[in-house]
Amino acid sequence: YLIKDMNIRRLAMVAGPEGNTDARERKETFVEVLQENDIQVTDQMIVYGDLNRDTPDQCELLLDNNPDVEAVFCVNDDMALGLYDVMRKRGLVPGKDIKVFGYDNTVAGSKAQPSLSTVGSDAIYLGKKAVSLMNRMLDGERVESVILPARFIRRNSFGRLLNSQDD
């Protein structure tokens, strides 16, 4: 969306620990999408945090190394909110100066100012599917991993939406 619809070419990422499967997969996807769109990936474009909001040093480094960054993808909503904190200390406005994108669709992200664009999945469906797979395993059936659909949720961290109360 950022690349194709918003014509953004200068992206960066606040990634999670390499030992975390979700964080690693999200980083790999970020890198693949950039490469597919002929955007060079450098080490300076990616910093690593601990999946929580307390990532100021990493976010400071990311902004220092990428002064012309247009958008930052954060491996989860908490780290995106940590980036919000650092941006505000620098006088930068999320959604206006830099587009910010999270992952997980947390309540905190939806209530943030500005509201955080994110990726979410249906937690109820996820739970039902997990129970169903577990029951099949308990019955002795061999089951394979399942990839569940997720959805993009565009909010004001990509720019002000119509009929929005966010600043």
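Biologist: How many bridges join strand 3 to strand 4?

Modeller: Three bridges do, and strand 3 and strand 4 run parallel. Keep in mind that this is a predicted model.

Biologist: Which strands make up the open sheet, and in what order?

Modeller: The open sheet has four strands in the order 2-1-3-4, with parallel pairing. Strand 2 (46-48) and strand 4 (99-101) are at the edges, and each has a single partner strand, so one side of each has no neighbour in the sheet. On average, neighbouring strands are turned by 15 degrees against each other, direction ignored.

Biologist: What packs on the sheet?

Modeller: Helix 1 (residues 21-36) does, and its contacts are with strand 1, strand 2 and strand 3. The direction of helix 1 makes about 170 degrees with that of strand 1.

Biologist: How many bridges pair strand 1 with strand 3?

Modeller: Strand 1 (residues 11-15) and strand 3 (residues 71-74) pair over four bridges, in the parallel sense. Along this pairing, Leu11 stands opposite Ala71, and Met13 stands opposite Phe73.

Biologist: Are the faces of strand 3 covered or open?

Modeller: Both faces are covered. Ala71 and Phe73 are buried on one side, and Val72 and Cys74 are buried on the other.

Biologist: Now a single residue. Is Ala12 buried or exposed?

Modeller: The cut-off for buried is under 20% relative accessible area. Ala12 has 0%, so Ala12 is buried. This residue belongs to strand 1. Leaving out residues up to four places away in sequence, Ala12 touches Phe30, Met45, Leu62, Asn66, Val69, Ala71, Val72 and Phe73. Take Leu62 from that list: Ala12 and Leu62 are 50 residues apart along the chain, while their C-alpha atoms are separated by 7.6 Å.

Biologist: And Arg155, buried or exposed?

Modeller: Arg155 counts as buried, because its relative accessibility is 14%. Look for Arg155 in the segment after strand 6 (151-153).

Biologist: How do I read the packing of two helices?

Modeller: Two packed helices are described by the angle between their axes and the distance between the axes. Here, take helix 2 (residues 56-65) and helix 3 (residues 77-89): their axes come within 9 Å and cross at roughly 60 degrees. Helix 2 and helix 3 are therefore oblique to each other. The crossing of helix 2 past helix 3 is right-handed.

Biologist: Which residues make the contact?

Modeller: Helix 2 contributes Pro56, Cys59, Glu60 and Leu63, and helix 3 contributes Gly82, Leu83, Val86 and Met87. By class, six residues of this contact are nonpolar, one is polar and one is charged.

Biologist: What should I look for in the backbone of the loops?

Modeller: Most residues other than glycine have a negative phi, and most peptide bonds are trans. Asp38 has a positive phi, near 55 degrees, and is not a glycine. Asp38 lies in the loop between helix 1 and strand 2, and its relative accessibility of 70% means that Asp38 counts as exposed. Asn105 also has a phi near 55 degrees, and sits in the loop between strand 4 and helix 4. With a relative accessible area of 25%, Asn105 is partly exposed.

Biologist: Where is the cis peptide bond?

Modeller: The cis bond joins Gln113 and Pro114, with omega about -5 degrees. Pro114 is in the loop between helix 4 (107-111) and strand 5 (118-120).

Terms used. Residues numbered from 1 in each chain as written. Predicted model: local features only at pLDDT ≥ 70, side-chain atom pairs only at ≥ 80, totals over all residues. Heavy atoms only, no water. Axes fitted to C-alpha atoms, helices over the stretch in contact; angles between N-to-C directions. Helix = DSSP H or I, 4+ residues; strand = E, 2+ residues; numbered from the N terminus. Parallel < 35°, antiparallel > 145°, perpendicular 65-115°, else oblique. Left-handed = near helix turned anticlockwise from the far one by under 90°. Contact = heavy atoms within 4.5 Å. Nonpolar A, V, L, I, M, F, W, Y, C, P; charged D, E, K, R; others polar. Pairing = 2+ DSSP bridges. Buried < 20%, exposed > 50% of the residue type's maximum accessible area, 1.4 Å probe, protein only.
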